[in-house]
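Please read the report below alongside the sequence and the model.

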Amino acid sequence: MPPKLFKTVRLGTAVLILMMVLAPSTHALWILDPSFLAAPPQAQEQPLADPDIAIEITADSFNIPLSDHEAAPAYDKPVVYLEEEDTVSFTTVIPQEGLYTVSFDTAVPDSFLNPPEGQLLVDGQFPSLDTQRIIFPIFYEDATDEFPLDRYGNEALIRQEKLVRWTKVPMRDANFSLDYPLQLRLEPGEHQFEFKLTNETLLLGSIYIEAFAPYPSYSDYLAAHTEPETSGVMIELEAERPSYKNDTAVRPVNSRSLAVTPYDTYQLLLNTLGGEDWDRSGSTVFYEFNAPEDGMYVITFRALQNVKDNFTVFRRITLNGEVLFEELNEVPFNATSDWTNQTLGGDTPYQIYMEKGVNVLGIEATNAPYHSAIEKIQKVLLDINDLSLEIKRLTGNQVDPFKEWVISDYIPDIEDQLVAIADDLRADLNVVKAINASGGSQEVLTYQMAIDNILYLTEDPDEIPVHLNRFSEGSGSAAQLLGTLLPLLQNQPLALDKIYIHSADTAPEQVQVSFFTSLMESLKRFFHSFRPNPYQSIGAEEGELEVWVNRPRQYVDLMQQLTDETFTAETGINVKFSIMPDESKLVLANAAGIQPDIAFGVSTNVPYELAIRNALKDLRSFDDFDQTIGVYAPGSLLHYIINDSVYAIPETQDFWVTFYRRDIMESLGIPIPNTWDEVIEILPELQRFGMNFNTPLSAGSGTKPYLMTAPYILNQGAQLYSDDGFATGLASDEAIEGLKFMAESFTIYGMPLTTSSFYDSFRYGRLPIGVSNFETYLKLVTAAPELNGLWEVTLYPATVLEDGRELRYATGSAQAGIMFANTDQPEEGWEFMKWWVSTETQVDFQQQLILNYGLEYLWNSANLEAFAQSPIPDEHKEVILAQWEWLQEPVKLPGSYMQERELSNAWNEIVFEGVNPRVAIDNSVIIINREITRKMEEFGYLENGVRVKEFTIPTIETVERWMQNGDN
């Protein structure tokens, strides 16, 4: 069926400024070719086609079969179902030269967290680099109409469900930072279009190619609508209950302000929406409401923006999917100290035409007014990084205040470069100042400080080598200040309490709270605060499992909710969760007889100390234990095994991988190392530029724990203990070789002895490569937007042995679950533990955490099957899962704490005192063996130095054998 032309009305304004885009999903930096783009109309005249031109290409024109998917009947046109890498192509004739937008009728049938992504080619090439990543929204709705109450009467978040909803999606930039959909400049004639789905699955209906036209001004809009004003209408919507949304991190929150509704003195009500959690550009909430009659209406928000002082945030307002006029495209909300009613249009409210019946109001966070500044900062950060590296190449990173450099001889235009950077930043600073007329915001001050640093360097560019701390390095450098500024401009926080759709003659009243009312409420709360916190109360009802959790309340509330909804409903076993009072007091709680039945979130070092004192239940005593542990990495259980008994199961799991700045490493021409030998080879080149390779040993205090030291021993093929467990294994040649390399990494190869924060050093380029863990990964994903697409992860460096084997064992200590030995409900407790660590439950918990609180709450489940469904890039998951195949926790036995301590002491002696490794380890071996013997006697394995009971050292092979038994 050929494409058809039909008349339509499109309102828009041709503003497109795309100098650089960062593509987080592909982790590639793309510099835009301006020849592909439609330049802003204020920059040059653009050919605008007849605004009535609109071409619809229905799905039966595509080159793939139509679909009868169950969601297809909700759409009254032909539909195709696309899987990853599927491509649809079609040919159409553009009747007139001009700017065009492309839109897609879509629904998301399968994906729950990761939105589908695609790319569009025109005549075999990408019209702009933004068309390489087109994101399609997933919509969510509340599963119930009312907030559920927890067992203490406080409101809890409603479970989010995916809403398979057909919508017309315009092609936009991946960061949703531009104020209009992407525009393509097309010549008249026939054009070949090719759309490819790159991630997830998608239901695709018609594709629309429409002539671009600016949004009208409000005055033009009003002139086109002569409908009468309504009278006496007041529609009141509670903002915390949107009909649906495209980002569940925008969630209801509690406000204790007397100005919001609903309000309760003693119970926590989820009575507002957003705040700090509604700050990402593109995050949109939608409200369906019934207009009682055709006519003109006014919209008022009860809003609060007290997150950023003296800073204006913006929202894009749509009605039934359309921005009606220019002023609604970027609606400002100024900083306020309390809740205020803000009417669209201010003192002269905008009159907005609505038809009788159901209408949909959309409110989208947008940082479009700050886009030019955001884009400029991203570009300047790259320029600073490139110029800094060029200077270091010339100076060999010699920072000597008494050595004179004539940098301008080698970089003749360096002053011009710096001046151009400063001028560009100054122009964008003026834009930010114009938006925030009150001045004094943190964003403006940070911007000015960065500019001042650069201007200082322009006074004498030859002095830059000794002033890199003002340019690219250090906490107060221009690069650091701009890196801090970037998320401040990108984030647009706003809280809403109510939304009013009303007639102009029926304005909502501002809420005024009297001094007496405020005083009385304060007194009530004060006296109420003396009551014990029910979430930390201990003790359970008869027949109820008591579970302590060593996590914040958000986690505990969700665990209770999921358990009540699923586990208790299915098994009839009631479970009460409490926030763990103090993990270090579990031993005392057990001695006092007030311990729970089960505890989760327990640090990995705790289970052994409890188990060796007979305080924990042997989980291998349950018949189906071997079947349960098949979802774990075998090495993750070693910490919890005593002889053939297992006293804990992993709940969360850490990982140690190599992080690297791809932009810096490629700029320097340095390959990414796969082994420690290759790390040593690249060190001189890194150090020549004042950089280095980070190791876990560089972090923390002088005491180096097992999780940092044990891999050096294990990767030499050494054993930590003798085969019988009654002596240390550190006296072997392999162990000494491991200790020697562990020390020589610093004494000979010059790796950094201390790193206060690898994340900061990595972010600002001082340590562009190094080994780190989940904490660093989460920070980079959520708190370093300027590095999107510029960093990657790879496996922990391997140690190459003489026989050619490559070992890359690393630890993964995190948190575990335990059952206390004197529980009177062991079978019920085991059923609960199995349910909690199962793949289905862990995936559900992980999804709900992220849906409720955002990616900052990424759950690093120890269940490998569940982690494989995490919403992080597939290439990262592949590396992490591959590294977990090498996970090996150091075995614990009586006296092993002394080996951990002495291994650290030996390293300190070698590094700081120059002691010979053999001498250091010989002294430590004596101390370790003496303590192991003493502890073995204390726990009944020795009597008067004679072995009376065998001790079995657990191995990965042992756990693998158990897993195989479980599979049979």
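What follows covers the basis of the values, the ring pairs, and the charges over rings.

## Basis

This is a predicted model, in which local features need pLDDT of at least 70 and side-chain atom pairs count only at pLDDT 80 or more, while totals for chains, interfaces and linings use all residues. Residues are numbered from 1 along each chain as its sequence is written, and side-chain values use heavy atoms, with hydrogens and water left out.

## Aromatic pairs

Across the whole structure, a search finds 51 aromatic pairs, a pair being two rings of Phe, Tyr or Trp (for Trp, the six-membered ring) with centres within 6.5 Å, counted as stacked when the planes are under 30 degrees apart, edge-to-face when over 60, and tilted otherwise. Among them, Trp-676 and Tyr-796 are edge-to-face, at 6.1 Å centre to centre and 85 degrees between the planes. This pair links distant parts of the chain, 120 residues apart, with Trp-676 in helix H13 (residues 676-688) and Tyr-796 in the loop between strands S37 (791-794) and S38 (799-800); helices (H or I, at least four residues) and strands (E, at least two) are DSSP runs numbered from the N terminus. Trp-676 is buried at 4% relative accessibility, and Tyr-796 is buried at 3%, where buried means under 20% relative accessible area with a 1.4 Å probe and protein chains only.

The rings of Tyr-777 and Trp-791 have centres 5.6 Å apart and planes at 80 degrees, so this pair is edge-to-face. Both residues are buried.

## Charges over rings

Arg-470 lies over the face of Tyr-456, at 4.0 Å from the ring centre, and Lys-949 lies over that of Tyr-941, at 4.5 Å; the criterion is NZ of Lys or CZ of Arg within 6 Å of the ring centre and within 35 degrees of the ring normal.

Key: Buried < 20%, exposed > 50% of the residue type's maximum accessible area, 1.4 Å probe, protein only.
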